[in-house]
Amino acid sequence: MNNFKFGIFDILVYTIPGAVLLFAFFLTGQPLSSGIGGVMQNLLTATEKIGLNAALVFILICYILGFVLHYFGYNYFGLVAKRVWKKRMTGLDDTSFNKEYKYVLARHYSKENFVYVEMWNSFRGMSFNLSLGFLLIFLLLIFKMITETSFTAEWVFAGAGTLLAAFVTLRRAVVFHTWSHNTLEETVKVLGLLERKDWKEE
C-alpha cells in the first residue's frame with residue numbers, strides 16, 4: 001500500500017469518467033417527469049450531507065467504475081474513432097512490439113519528451129472514456145423518454161447535448177492520440193534513438 005500513488009492520471013483517466021458513469025446510474029432511478037431541475041435537486045440532496053469517509057468511498061467507487069470503463073472506452077475508441085476519422089488516423093498505428101520499444105527508448109533517453117507523450121495519452125484516455133460515458137447517458141435518456149413517454153423540450157435538448165459532448169470528446173481523443181504519436185515519433189527520430197541500439201524490425 002505504501003507504493004500506491006493516486007496521481008493526476010488516475011483522476012483524469014479513471015475518476016472523472018467514473019463520476020460521469022455513476023451519474024448515469026443515478027439517472028436510472030430518476031423520473032424524467034421531475035425535469036432537469038428536479039433531478040439536479042435530488043442529486044444535491046443526496047450529496048449535501050456527505051462526510052469525509054463517504055466522500056472517500058465516492059471517489060473510490062468513481063475510480064473503480066472508471067477503471068472498468070477504460071477497458072470498454074479503449075475498444076470503443078479503436079472501433080469508432082478509427083472508422084469515423086479513418087483518414088486522420090491512417091499511419092498512426094504501429095506494431096505493438098515496435099511501439100513499446102520506442103516508449104522504452106524515449107523514457108530512458110528523453111524523459112522530458114516522454115512526459116508529454118504520457119500527458120497526451122492521459123488526455124486521450126480521459127476523452128474517450130468521457131465520450132463513452134456521455135454516449136451511455138444519451139442512450140439512457142432516449143430509453144427513458146420512450147418508456148416514460150416524456151419527450152419534453154428540456155430532455156430532448158439534454159439528449160442532444162450529451163450526444164454532442166460524446167462526439168466532441170471522442171474527436172479530442174483523436175487529436176491527443178495524434179499528438180502523442182507525433183511526439184513519440186519525433187523524439188525517436190530527432191534524437192536518433194533507434195540508432196543507439198541494434199534495432200531490427202521483425
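Tutor: Start with Thr 149, which counts as exposed at 63% relative accessibility. The model is predicted, and local features need pLDDT of at least 70, side-chain atom pairs count only at pLDDT 80 or more, while totals for chains, interfaces and linings use all residues. Residues are numbered from 1 along each chain as its sequence is written, and side-chain values use heavy atoms, with hydrogens and water left out.

Student: Why is Thr 149 called exposed?

Tutor: The classes are buried for under 20% relative accessible area, exposed for over 50%, and partly exposed in between, with a 1.4 Å probe and protein chains only. Thr 149 has 63% relative accessibility, so Thr 149 is exposed. Thr 149 lies in the loop between helix 6 and helix 7.

Student: What is the phi of Thr 149?

Tutor: Thr 149 has a positive phi of about 45°, although Thr 149 is not a glycine. Most residues other than glycine have a negative phi.

Student: How do you know which class Ser 122 belongs to, buried or exposed?

Tutor: Ser 122 has a relative accessible area of 10%, so Ser 122 is buried. Ser 122 sits in helix 6. Not counting residues up to four places away in sequence, Ser 122 touches Phe 9 and Val 13, where contact means heavy atoms within 4.5 Å.

Student: Which class does Met 119 fall in?

Tutor: Met 119 has a relative accessible area of 29%, so Met 119 is partly exposed. Met 119 is also placed in helix 6. Met 119 and Phe 176 are 57 residues apart in sequence, with a C-alpha to C-alpha distance of 8.9 Å.

Student: How many helices and strands are there in the protein chain?

Tutor: The protein chain has seven helices and zero strands. Helices (H or I, at least four residues) and strands (E, at least two) are DSSP runs, numbered from the N terminus. Buried residues make up 40% of the 202 residues in the protein chain.

Student: What makes a set of residues a nonpolar core?

Tutor: A nonpolar core is a set of buried Ala, Val, Leu, Ile, Met, Phe, Trp, Tyr and Cys residues joined through side-chain atoms within 4.5 Å. The largest one here has 17 residues, and Leu 27, Leu 32, Ile 137, Leu 141, Met 145 and Trp 155 touch the most other members. Helix 1 (8-28), helix 6 (111-147) and helix 7 (153-190) each supply at least two residues of this core. Apart from this core lies another, of 13 residues, among them Leu 21, Leu 132, Ala 173 and Val 174.

Student: What does Leu 32 contact, leaving aside its neighbours within four places in sequence?

Tutor: The contacts of Leu 32 beyond those neighbours are Leu 141, Lys 144, Met 145, Glu 148, Ser 150 and Trp 155.

Student: At what angle do the axes of helix 1 and helix 3 cross?

Tutor: The axes of helix 1 and helix 3 (residues 52-84) cross at roughly 100° and come within 6 Å. Axes are lines fitted to C-alpha atoms, for helices over the stretch in contact, and angles run from 0 to 180 degrees between N-to-C directions. Angles under 35 degrees count as roughly parallel, over 145 as roughly antiparallel, 65 to 115 as roughly perpendicular and the rest as oblique. Helix 1 is therefore roughly perpendicular to helix 3.

Student: How is helix 2 placed against helix 7?

Tutor: The axes of helix 2 (residues 35-47) and helix 7 come within 8 Å and cross at roughly 70°. Helix 2 is therefore roughly perpendicular to helix 7. Gly 35, Ile 36 and Val 39 of helix 2 meet Glu 154, Trp 155 and Ala 158 of helix 7.
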